[in-house]
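Here is a short report on one protein model. Look through the sequence and the structure first, then read on.

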Amino acid sequence: MKIDGSIIFNILRDPVDLAKIMAINQVAKKIGMQTIAELVESEETIAKLKDVGIDFAQGFGISRPRPLAR
């Protein structure tokens, strides 16, 4: 289940967004799904997502975009 970047972006500053992410992750795990966070921009955000139990992340904090191989 992909978690929208608009929630992820403020995870370190907004306890409501953190609570939303935790709830989404909990529901996803209960129904047997993995989670992926969008718009992960920093090491601090990566660390928080790991603490929460998010499975995957995408964004500049993980890797810069690159051309697709042809």
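## Overall build

Of the 70 residues of the protein, 29% count as buried; buried means under 20% relative accessible area, exposed over 50%, and partly exposed in between (1.4 Å probe, protein chains only). This is a predicted model: local features need pLDDT of at least 70, side-chain atom pairs count only at pLDDT 80 or more, and totals for chains, interfaces and linings use all residues. Residues are numbered from 1 along each chain as its sequence is written, and side-chain values use heavy atoms, with hydrogens and water left out.

The protein has 3 helices and 3 strands. Helices (H or I, at least four residues) and strands (E, at least two) are DSSP runs, numbered from the N terminus. From that end, the elements run β-α-α-β-α-β. The C-alpha trace spans about 40 × 30 × 20 Å along its principal axes.

## The sheet

The 3 strands form an open sheet in the order E1-E2-E3, with parallel pairing. Strands E1 (2-3) and E3 (56-57) stand at the edges with a single partner strand each, so one side of each has no neighbour in the sheet.

Strand E2 (residues 36-37) is joined to E3 by 2 bridges. Two strands pair if DSSP finds at least two bridges between them. Alanine 37 has alanine 57 in E3 as its bridge partner.

## Valine 27

Where does valine 27 sit? Its place is in helix H2 (residues 15-30). Valine 27 is partly exposed, with a relative accessible area of 48%.
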